[in-house]
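I would like the cut-offs behind each term to be stated as they come up.

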Amino acid sequence: MPPDAGSGDTKRIMAQIIDGNRIAAKVIEEVAGKSGNFLGEHGRVPGLAVILVGEDPASAVYVRMKIRDCARCGIESFSYTLPERTTTGELLDLVGALNRDDRVDGLLVQLPLPATIDTRSVLDAIDPAKDVDGFHPANVGRLVRGDKHVLLPCTPSGVVRLLDDSGVEPRGMRAVVVGRSDLVGKPTALLLLNRHATVTICHSRTRDLPQVCRTADILVAAVGKPFLIQEDWVREGVVIIDIGINSIGPDDAPRFLLEDPKRVADFERKGYTLVGDVSPAAAVKAGLITPVPGGVGPMTRALLMENTLKAAEWRKNPPGVPK
């Protein structure tokens, strides 16, 4: 944990919070209304199938939340829980069956998968038209090409939606994305590039990372290292999107977290608390910032629901094909 994670001038005016919970609730409400329209037009509601392999506690929680979101949106959910010993072939058989199931409009396999399973083969086997996570090479290619009709990865898409709702226009701005993962960092950078931002992607081999971060008008932190982004890494007024979700126990918590009543309550109730990649001192310097929790996370789930609705609509009326 960085020793100065809680340092900084406490007299500064706090950054304006981008409320992901509020924006996500608006998306969920919109999807629920459109799902009702879909039912009236097609005689069924959109369907989402979720596959969980193994007993990872965090993954199980995420799946339960997605199933709950389906109920809120009027989307039918199909949940499949497979044992840890499941083979790649067995999982591919289930994916193939769900690809052929007309009740299923969206299909996702909860990651991470057990090390014994070939994750890439599984993701590549999902029908691109049902790939509501946006991970299939066909959808990645459409994202690179800037296609309008594409199922986008939910977290990166959520980032752009948060910026839009907050009145931030990326056009002409310098955006720095810290983290180059295939699932989050790279697609976030591409979406910002498609919105005409000047984008820099940083990673563990970036020279003088703090200096690069200081050039940002929009700083996206997507590394998964608690409080990596320090106060002297950011300029006053920067827009910060903190995608990091890091679990910290009381034994690892810096002093300022132990002085926060809400965090202490988390430790007492759950044994941990969630923090982002951005230190509180850096957050104070921001003009706008997403909190952790309550920022990007709710948007990721909401955009999954929106993707499921899009997949259902596009399967019935393929884009670009005359009705």
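The paragraphs below go from a helix to the core and then to a helix pair and a loop residue.

This is a predicted model, in which local features need pLDDT of at least 70 and side-chain atom pairs count only at pLDDT 80 or more, while totals for chains, interfaces and linings use all residues. Residues are numbered from 1 along each chain as its sequence is written, and side-chain values use heavy atoms, with hydrogens and water left out.

Helices (H or I, at least four residues) and strands (E, at least two) are DSSP runs numbered from the N terminus. Helix 1 covers residues 20-42, and because its 23 residues should span 33 Å at 1.5 Å a residue, the 32 Å between its end C-alpha atoms agrees with expectation; the expected span is 1.5 Å times one less than the number of residues.

Gly20, Ile23, Ala24, Val27, Ile28, Val31, Ser35 and Phe38 of helix 1 are buried, that is, under 20% relative accessible area with a 1.4 Å probe and protein chains only. An α-helix has 3.6 residues a turn, so residues three or four places apart point the same way. The cover over these buried residues includes helix 2 (57-73), helix 6 (154-165) and helix 12 (296-316).

A nonpolar core is a set of buried Ala, Val, Leu, Ile, Met, Phe, Trp, Tyr and Cys residues joined through side-chain atoms within 4.5 Å. The largest has 44 residues, and Leu48, Leu163, Ile218, Ile241, Ile243 and Met305 are those with the most contacts inside it. Helix 12 gives the most to this core, with eight residues. Apart from it lies another core, of 20 residues, including Cys202 and Val238.

Leaving aside neighbours within four places in sequence, Met305 is in contact (heavy atoms within 4.5 Å) with residues including Ile28 and Val31.

The axes of helix 6 and helix 12, lines fitted to C-alpha atoms over the stretch in contact, come within 8 Å and cross at roughly 110°. The two helices are therefore roughly perpendicular to each other, the term for angles of 65 to 115 degrees.

Finally, Thr290 lies in the loop between strand 11 (288-289) and helix 12. Thr290 is buried, with a relative accessible area of 2%, and its side chain reaches the backbone nitrogen of Asp242 at 2.8 Å.

Conventions:
Buried means under 20% relative accessible area, exposed over 50%, partly exposed in between (1.4 Å probe, protein chains only). A polar contact is a pair of N or O atoms within 3.5 Å; within protein, one must be able to donate a hydrogen and the other to accept it, and residues adjacent in sequence count only if both atoms are side-chain atoms. Axes are lines fitted to C-alpha atoms, for helices over the stretch in contact, and angles run from 0 to 180 degrees between N-to-C directions. Angles under 35 degrees count as roughly parallel, over 145 as roughly antiparallel, 65 to 115 as roughly perpendicular and the rest as oblique.
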